[in-house]
4 protein chains.
Amino acid sequence: MCTDQDTSSPAHRCAILRTRAGPRETLHFDPHDPASAAAIVSCGGICPGLNCVIREIVNMLWAYGVRRIYGIKGGYKGVMEPEEWLELTPEKVKDIHTEGGTMLISDRGNPPHLESLAARDLKNPSACLQTGGDGTHKGAMQTFECTMEIDHECAVVGVPKTIDNDVPMIDQTFGFDTACTEATKAVNSAYVEAKGNANCIGLVKLMGRHCGFIAMNAALAARDVDVCLIPEMDIDLEKVLQHIEHLMRTKGHCVIVVAEGCGDTLIQSSGEKDAGGNKILADVGPWLKDTITARFKTLGLPLTIKYIDPTYMIRSVAANSYDSTYCSVLGQMAVHGAMAGYSGITAPCQ
Amino acid sequence: MCTDQDTSSPAHRCAILRTRAGPRETLHFDPHDPASAAAIVSCGGICPGLNCVIREIVNMLWAYGVRRIYGIKGGYKGVMEPEEWLELTPEKVKDIHTEGGTMLISDRGNPPHLESLAARDLKNPSACLQTGGDGTHKGAMQTFECTMEIDHECAVVGVPKTIDNDVPMIDQTFGFDTACTEATKAVNSAYVEAKGNANCIGLVKLMGRHCGFIAMNAALAARDVDVCLIPEMDIDLEKVLQHIEHLMRTKGHCVIVVAEGCGDTLIQSSGEKDAGGNKILADVGPWLKDTITARFKTLGLPLTIKYIDPTYMIRSVAANSYDSTYCSVLGQMAVHGAMAGYSGITAPCQ
Amino acid sequence: MCTDQDTSSPAHRCAILRTRAGPRETLHFDPHDPASAAAIVSCGGICPGLNCVIREIVNMLWAYGVRRIYGIKGGYKGVMEPEEWLELTPEKVKDIHTEGGTMLISDRGNPPHLESLAARDLKNPSACLQTGGDGTHKGAMQTFECTMEIDHECAVVGVPKTIDNDVPMIDQTFGFDTACTEATKAVNSAYVEAKGNANCIGLVKLMGRHCGFIAMNAALAARDVDVCLIPEMDIDLEKVLQHIEHLMRTKGHCVIVVAEGCGDTLIQSSGEKDAGGNKILADVGPWLKDTITARFKTLGLPLTIKYIDPTYMIRSVAANSYDSTYCSVLGQMAVHGAMAGYSGITAPCQ
Amino acid sequence: MCTDQDTSSPAHRCAILRTRAGPRETLHFDPHDPASAAAIVSCGGICPGLNCVIREIVNMLWAYGVRRIYGIKGGYKGVMEPEEWLELTPEKVKDIHTEGGTMLISDRGNPPHLESLAARDLKNPSACLQTGGDGTHKGAMQTFECTMEIDHECAVVGVPKTIDNDVPMIDQTFGFDTACTEATKAVNSAYVEAKGNANCIGLVKLMGRHCGFIAMNAALAARDVDVCLIPEMDIDLEKVLQHIEHLMRTKGHCVIVVAEGCGDTLIQSSGEKDAGGNKILADVGPWLKDTITARFKTLGLPLTIKYIDPTYMIRSVAANSYDSTYCSVLGQMAVHGAMAGYSGITAPCQ
């Protein structure tokens, strides 16, 4: 891994980098050079804070002096359509942080990178800032390798984006705190339903393809969760069902939270993949609802299950105060690294 | 209909009443008589403001001097289990208005009323305050008729409860404004998803079994809705699909809101009924999602649909400021009417 | 008052009008005439919903076919500076409803109208839509009279704006419901402070220059208010102080809400006026705090007062769902009236 | 500092401790001993999360088996009035986490500790859990020393509480994130006011007696702040005023955030102290408003300042999701430490 001292190394020397905050003593690119340009790509699903990161990158590039800043719509696919690139200025991104989603339309998929570089070369970016998940960073790596192949100096900088918070090398990913805040509301709803109806289970499925961070945090924050199932656990379904039966017999209601990723542990998915190359998980929420319903039918016990899948209502909100502050820092760091000529991923130091 | 002047009429003379706000000159019951008692029943699904109404009824009964106030858990079924009745005081309901749902567990179903009266007679309520929908008010009418049959003086007072707002004789039902507020958030989420993803439709199903009030109000409040389908409309599905195709071809995204009640107009339900005697509607949300998806597959157009069903997250929140104020008034009016000996439903005058 | 039937009457025949919703059979102005233009003026303090009204007026004018729509910055003063007028389109107002305040900077003051008409004539508006309070409507009347004097056909349409809700001829003014929602939060804060500290009074001053609507509604919604003082009441201060003493001796805390307008009833103001011609009221909040503090000092009783003045935090938020829906209707009605040639004020029928 | 290995050391051997999360192998106290008791004291101003911490401490003590849990009202003063102590159970604290403030009334002041111990001995707590700021922890130290003097075994455990976040040894204090969330709303209000009125400055004073964490975070989160003044800075007032003049001349509005602690740097306080021994700071908000107003009067420039002091509206809200989760952990850690016999302060490891 590159260290802070390597400020002289050209952009394409260093593929994995954790940049440090603050302006560098030495810039690798001259931001005032009219040829200097930067492109911003946003891939994968929407996530709270995306607009904050975009806004901050634009403002910081502008503060450095860069005047050709392009926003690429439609992820990597959009790279191929330079005539569709948006010319971004501080004025154009002024209020976007108050909106959820992304001003750059997200899309999945990954066209051949050398071709996309050809397209990109038309506008000659010396910095390419990308935010997305696993697939996006693999793509960024390919982009980086292509730039080396054709000896084009371009800092390829990633800003890791996953609402699930499962990036080991950083404390927290942006959007995660907002997601927990919204997820807590869904859990509260499940609790109110469970308590306010006769023989009622409130069941909530929360995001987390391979991890239970959102499920666990929301369960702790809401405090009225009886059962929280996450993919990190080795779950004995029979014991879970017996415990649910016990809860319903004793207090007459309960709240269950299950992480999406249990669709790959509790049950088996078909193995199909989506356009972004991610395995399509079996939908564990309705499955669990049906499984519990069947058990209670066998037992002859009365039951109502109120099932809540708040996925889109969680991920579409604007960044909360915590994530808004955090995205300020992330966006600035990404630009500092790019201007100093680093390729790599942006992460606050621990 | 009884008028305000009939303050001398015994409780069981008047079955349909729109009471007027404010204390009456003449009380029919003596609230300070130790035999005076009141029972509160809450039926049907939960609705924002239920706890506010319960709190206000308890406080106002207490202010009149009634000291035996019973909260019946589990709707009409709970009437049969007087040993489970809660003894309510202002202290016990002090903070319930800050919580969604109902402190009295809701249930559907309607056991024979004469039997239930027998049970109720054990505790001898001179006022029975009921909040619920159609079924509940039919039940209240039966209760009223039973009281007449056995010549037991008891003011049977209903507080109309439907989150859908479809009670013709009153301007607005409690909980409706809160529901619109929360529904607007769901529509905003759909808009953010639609705008932030490639070729994306945001589709939201909103409550309204026989009416489109929530759908219509949320669409107006959110302002970014392209298509709003409500059961009051005579919908030409083919035209709707063509319009959606047009929107996707021209601006690349759209937002659709469909009211639950279109499950009885756009499609046919099986005719089955739930425990409360309400017809189970076909689920129009997933049906519409599938219908649009099939059309776009035929057309060979790319499409993602983000479908949001926020039902439980809407109806489980606490009353907003508007409904909280409104429920204060409703609860007080219900008690004024009961103390004056009126049976009937509680509604603000227009 | 003009009736709906007068659609043939020229714009300047009818100065006070309550328009009715919906498009008219007969238009007075031809919206497709390239000479057709409309100007929007926003005066006085900011109020939730202003941006919604502006957005709706622009969209509805556009839907009629009007293509020259001007947003005038700085109230009537801005009328004199036509070079500063904003050219508004649906695209420019697309997202403004999600922001508080007004995209047209508010200002107070009222320059001579014939002069301003001269300025306005440069751009020849056939409709002038104004939102503001008393002063603004007086100004609108002067504008109307000037248009008659110089025989210039221009529908002068007012949309009454007062967060205080004190316009007798309409049920509710826009922004009022949002204000009550936010005010309720301030009252809740006062309650939490009062209950969470020893010997503590939570004191909140709420808007309402001549009326107590916000104070009263927030007190009802929050439900934990012990004393609510509004200008409509004839207040015996000594009794109020004795009641406060009683509350503190018995339960150790209390919550007091006082409406701004008591600064003209409980105490006397100096009689000075602000730039908009409104009398500057004495600030009743700090006065009441000092008065209570002095009394408790005399009594030798321990006391902490937590005083909250949430004025700017209330009026600066975006319209809530209720007001957003309502402003849709108001803005549309204003344009329907203007296109039909009516001058007057816009109000939903009761 | 004690280490984790000292589980055999009696409670009064170790006065400063950073406990580690999780149950210990060896308990020092036998929670099932009927003589085992614990007392909870809450001092100083209210702070989001206080009720969460209290709830978690009660639940965790209960889970260990302790059945005599006392909540002391009124801070250290309340220690002297054991007849006023509340007997706490999981049922009694069930819903308190949804409310701001503290169920234990806060008070400042610090009576002689040996006397208070006499009072406390009546109920013989083997664990005393205290949450508060500097003064409280000094008090806790005195309590600890008294317990040693009289050889009474009692784990004295502090949970650091300061909404300002200025405790060096821990990453973040509880309530701070919630405070930043609410403070951001106040800054947004200031921005809307500044932008929506002619020649307008939005000025917000935010908490932070000796630090600018809340001011800084809210400024970053809100993103529209032009000037942020914190006590850690060496401020050249003349330069600040010149910059403000420049902003008003160029863009016509600006937003200023000033931390409370600048009342001890920008200006001098009188040196008086409050009941808790904290120096009373000069109120920097109104002072800055007056200073800017005077400058603009001298310059002959038009100006309106909208001043917002949201202190009580910030600190009185319930913990947000982040703080709610965090307080779960803190409360559990405090009890784990106490049961293991440690005295000290509770802090997550870094």
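In chain D, Gly65(D) lies in the loop that links helix H1 (50–64) to strand E2 (68–72); helices (H or I, at least four residues) and strands (E, at least two) are DSSP runs, numbered from the N terminus. The model is a predicted one, in which local features need pLDDT of at least 70 and side-chain atom pairs count only at pLDDT 80 or more, while totals for chains, interfaces and linings use all residues. Residues are numbered from 1 along each chain as its sequence is written, and chains are lettered from A and ligands numbered from 1 in the order in which they are written.

Gly65(D) counts as partly exposed because 13 other C-beta atoms lie within 10 Å. A residue is called buried if 20 or more other C-beta atoms lie within 10 Å of its own, exposed if 12 or fewer, and partly exposed in between, with C-beta atoms placed from the backbone. Apart from neighbours within four places in sequence, Gly65(D) is in contact with Pro31(D) and His32(D); contact requires that the C-beta atoms of two residues, placed from the backbone, lie within 7 Å. Between the C-alpha atoms of Gly65(D) and Cys254(D), which are 189 residues apart along the chain, the separation is 57 Å.

The sheet of chain D comes next. It is an open sheet of 6 strands in the order E3-E2-E1-E4-E5-E10, and its pairing is mixed. Strand E3 (86–87) and E10 of chain D form the edges, each pairing on one side only. Two strands are said to pair if DSSP finds at least two bridges between them.

Within this sheet, strand E5 (residues 155–160) of chain D has 6 of its 6 residues buried. In a regular strand, side chains alternate between the two faces of the sheet. Both faces of E5(D) are covered, for Ala155(D), Val157(D) and Val159(D) are buried on one side, and Val156(D), Gly158(D) and Pro160(D) are buried on the other. Strand E4 (residues 127–132) of chain D pairs with E5(D) in the parallel sense over 6 bridges. Ala127(D) stands opposite Ala155(D) of E5(D), and Leu129(D) has Val157(D) as its bridge partner in E5(D). E5(D) also pairs in the parallel sense with strand E10 (residues 344–345) of chain D, over 2 bridges; here Gly158(D) has Ile345(D) as its bridge partner.

E4(D), helix H4 (residues 134–149) of chain D and E5(D) make a right-handed β-α-β unit. A crossover is right-handed if, with the strands pointing away from the viewer, the path from the first strand over the helix to the second runs clockwise.

Strand E1 (residues 37–42) of chain C pairs with E2(C) in the parallel sense over 5 bridges, and the chain passes from E1(C) through helix H1 (residues 50–64) of chain C to E2(C) in a right-handed β-α-β crossover. Ile40(C) has Gly71(C) as its bridge partner in E2(C). Strand E2 (residues 68–72) of chain C is mostly covered, with 4 of its 5 residues buried. By contrast with the parallel pairing to E1(C), E2(C) and strand E3 (residues 86–87) of chain C run antiparallel and are joined by 2 bridges; in E3(C), Glu87(C) is the bridge partner of Tyr70(C).

Returning to chain D, helix H10 (residues 321–339) has 19 residues and reaches 28 Å from its first C-alpha to its last, close to the 27 Å expected at 1.5 Å a residue; the expected span is 1.5 Å times one less than the number of residues. Of the 19 residues of H10(D), 18 are buried. Just after H10(D), Gly341(D) takes a positive phi of about 90°.

Finally, the chains meet one another. In chain A, 22 residues are in contact with 22 residues of chain B. Helix H5 (176–196), strand E9 (304–308) and helix H9 (311–315) of chain A are the elements that give two or more residues to this side of chain A, and H5(A) gives the most, with 6 residues. The residues on this side of chain A divide into 9 nonpolar, 9 polar and 4 charged, where Ala, Val, Leu, Ile, Met, Phe, Trp, Tyr, Cys and Pro count as nonpolar, Asp, Glu, Lys and Arg as charged, and the others, Gly among them, as polar.
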